[in-house]
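Welcome! Please take a look at the sequence and the 3D structure below before reading on.

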Amino acid sequence: MSAAARRPGRLILTGLAILVACGLLVGWGWDRGVGNALLASRLVTDRTGDLSPSETLRHLVRRSVEELNSHPRDQRLYRALYRTFLNPAGTQERAAELLDLPFSTYRAHLRAGTQRVIELLWHQELYGGESSAVAAMRG
């Protein structure tokens, strides 16, 4: 096998966006098909360490979501993601109710939050540098 064939694949932004959004929606089923491209990406393979690729990806996404909570302008996005994916309210309608938001505002926050997580992961995929999410994973 050539060195190029063994190297982890690079994702394209559209693919990452689709995979992260689908992965969030199916409840972190990364190892059951939806995340296969992500599991083989530089994003994951450069950081696996003692964790399985699936656990690494799950951790990276979770930390990226949690990173939103540390930025005042992104906290509303974090809350929508938290109530939908990390501590699900059951339905999106219930999540909006618990957040005391109109459903359309909740959905806008959810879309924007998912986009911010994708941006954080994309930065890590492109530059391979450590964001605060990756640094926390190591320390």
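What follows is a short tour, from the overall fold to helix packing and charged pairs.

## About the model

This is a predicted model, in which local features need pLDDT of at least 70 and side-chain atom pairs count only at pLDDT 80 or more, while totals for chains, interfaces and linings use all residues. Residues are numbered from 1 along each chain as its sequence is written, and side-chain values use heavy atoms, with hydrogens and water left out.

## The overall picture

The protein has nine helices and zero strands, giving the pattern α-α-α-α-α-α-α-α-α along the sequence. Helices here are DSSP runs (H or I, at least four residues) and strands are runs of E with at least two residues, numbered from the N terminus.

Of the 139 residues in the protein, 40% are buried. Buried means under 20% relative accessible area, exposed means over 50%, and partly exposed lies in between (1.4 Å probe, protein chains only). The protein exposes about 7500 Å², with carbon and sulfur atoms supplying 53% of that area; the areas come from the Shrake-Rupley method with a 1.4 Å probe. Among contacts (heavy atoms within 4.5 Å) with a separation of 6 or more, 59% are between residues 24 or more positions apart.

Two packed helices are described by the angle between their axes and the distance between the axes. Axes are lines fitted to C-alpha atoms, for helices over the stretch in contact, and angles run from 0 to 180 degrees between N-to-C directions. Angles under 35 degrees count as roughly parallel, over 145 as roughly antiparallel, 65 to 115 as roughly perpendicular, and the rest as oblique.

Helix α5 (residues 53-68) and helix α6 (residues 75-86) have axes that come within 7 Å and cross at roughly 140 degrees, which makes α5 oblique to α6. The residues of this contact divide into six nonpolar, one polar and two charged. Nonpolar covers Ala, Val, Leu, Ile, Met, Phe, Trp, Tyr, Cys and Pro; charged covers Asp, Glu, Lys and Arg; the others, Gly among them, count as polar. On the α5 side, the residues are Arg-62, Val-65, Glu-66 and Leu-68, and they meet Gln-75, Leu-77, Tyr-78, Leu-81 and Leu-86 in α6.

Helix α6 also packs with helix α8 (residues 103-127), at an angle of about 95 degrees and with the axes 8 Å apart. The two are therefore roughly perpendicular. Eight nonpolar, four polar and two charged residues make up this contact, including Leu-77, Leu-81 and Phe-85 in α6 and Tyr-106, Leu-110 and Val-117 in α8.

## Charged pairs

The structure holds six salt bridges, each a side-chain nitrogen of Lys or Arg within 4 Å of a carboxyl oxygen of Asp or Glu. Which residue forms a salt bridge with Asp-74? The partner is Arg-116, with the closest N and O atoms 3.1 Å apart. This pair links distant parts of the chain, as Arg-116 is in helix α8 and Asp-74 is in the loop between α5 and α6, 42 residues apart. Arg-116 is buried at 18% relative accessible area, and Asp-74 is buried at 2%.

Arg-116 also forms a salt bridge with Glu-119, at 3.0 Å between the closest N and O atoms. Both lie in α8, three residues apart, about one turn of the helix. Glu-119 is partly exposed at 38%. Arg-73, Asp-74, Arg-116 and Glu-119 are linked in a network of salt bridges.

In helix α7 (residues 92-98), Glu-97 and Arg-94 lie three residues apart, and the closest N and O atoms of their salt bridge are 2.6 Å apart. Glu-97 is exposed at 55%, while Arg-94 is partly exposed at 35%.
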